[in-house]
Each structure stands twice: as C-alpha cells, then as structure tokens.
Amino acid sequence: MAAAVADAQTTMAKMWTSMPDSLAPAYLKADKRRAMVDYYEMGETAEVTHELQGTSVMDTLSAQYARVTLSEALSLQMALLPTAQGDTLLCRVVTFSAPAPESRVEFFDTKWNRLDAERFLPPVSSSSLLHRPDSLGEEEFGVLCSFFEPQMIQVGLDPADFSLTFSLAIPLTSRFDRERLEAVMVQRKVKWTGEMYK
C-alpha cells in the first residue's frame, strides 16, 4: 500500500509547495518552500534561511513523504495516504520541542482543506503509554507516573509504511531517573488501513 501513489498528480513536493501560508510557519514562505524542493531534487542540502534568520532543512522528500526541520523547536512530518475509495489524504505530524517534544496529528485533503482527525485516528490516551511491570509496586509506579506531569505525547510517522508511533515525552531529569522512567513507558503503534489508523 505504501508504495502505491493513489493520485499521480499529487506528490509530496506539490503538497509542500502549495501549502497555504496560513498552515505553514509564518517565517517559511512559499518561495522558500519551493527552493527547498529544488535543492533536494538537485541532490544538494535542502536548507534555507527563513524570515527569522534561522535555518530550515528538508531532511527527506519522496513522492509520498517529507520530513522538515523547521527550527530547533519545530519539526514536521507529512505523508500522502491512499484511501480505500481511491483518493488521497494527507497526514501531518507537527512536533514542538520546548524542550520536551509534544506532537499534534492533523489530516487534510489534497486541496489543504482540514479534515476531522477523529475520523481517521482514535484518541490515544497518555495512560495507555504507561505500564506497571510486575516487579514494581503500585506506590512506586505512581511516583514514577507523576514525573510525566504534564503529560506530553510524541508521535513519529514512519516513512516506510506511514504507521504512527505514540510515546510519552521524557521530561528533563537525571540519567538515573530516565532509566527508571523508561521501564514504565510503552509505545503504541497504529497502522493505516486505507480508511483509518488502527
């Protein structure tokens, strides 16, 4: 499924360059986005200086997937998803890192009309990303869970199969605490079925 392009006229390069400015970071205008595609397709580093005099880099670009590091605090992943109805929709994962990462998953049609995310992705609760090992008591588990307040969920979009992987962002803490926290964390992966993520 991932290898099929549902609409030959709709490529990720076209979606990226046609993104309305209202949906793009204010400091990365359309001409800069076009330049990134040109650089990438020429085999050069797809890097531009944006309006705030920082650097944005297109890390990956294929017919159906793109990953862009917009700034030190903001990254973007996008995938064109073929649907069972024969058309295409776009999944966009925006991740803010300030400094712990937190992601937002959005869906659009190929004309950049926003779609209801709950039609395509059931809510993922932060509690489903925590698990108490048998070796850990309830009280200690509760203490470790409290480290995740406020709970921030990070989402990764796999360029191979367009699956989404959810995990809790680890707060700033000592290395010892990080190892303890990782012991109670679990990831949740959902795959695109052609109609929704399951």
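Visitor: What share of the 198 residues in the protein is buried?

Guide: Buried residues, those under 20% relative accessible area with a 1.4 Å probe and protein chains only, make up 41% of the 198. This is a predicted model, where local features need pLDDT of at least 70 and side-chain atom pairs count only at pLDDT 80 or more, while totals for chains, interfaces and linings use all residues. Residues are numbered from 1 along each chain as its sequence is written, and side-chain values use heavy atoms, with hydrogens and water left out.

Visitor: How many helices and strands are there in the protein?

Guide: DSSP runs count as helices (H or I, at least four residues) or strands (E, at least two); the protein has 4 helices and 10 strands. Their order from the N terminus is α-α-β-β-β-β-β-β-β-α-β-β-α-β.

Visitor: What makes a side chain positive or negative here?

Guide: Lys and Arg count as positive, Asp and Glu as negative, and His and the chain ends are not counted. On that basis there are 19 positive and 27 negative side chains. With each charge placed at NZ of Lys, CZ of Arg, CG of Asp or CD of Glu, the centres of the two sets lie 3 Å apart.

Visitor: What share of contacts between residues at least 6 apart in sequence join residues at least 24 apart?

Guide: Contact means heavy atoms within 4.5 Å, and 49% of those contacts join residues at least 24 apart.

Visitor: Along its principal axes, what does the C-alpha trace span?

Guide: The C-alpha trace spans about 55 × 45 × 30 Å.

How values were computed: Buried means under 20% relative accessible area, exposed over 50%, partly exposed in between (1.4 Å probe, protein chains only).
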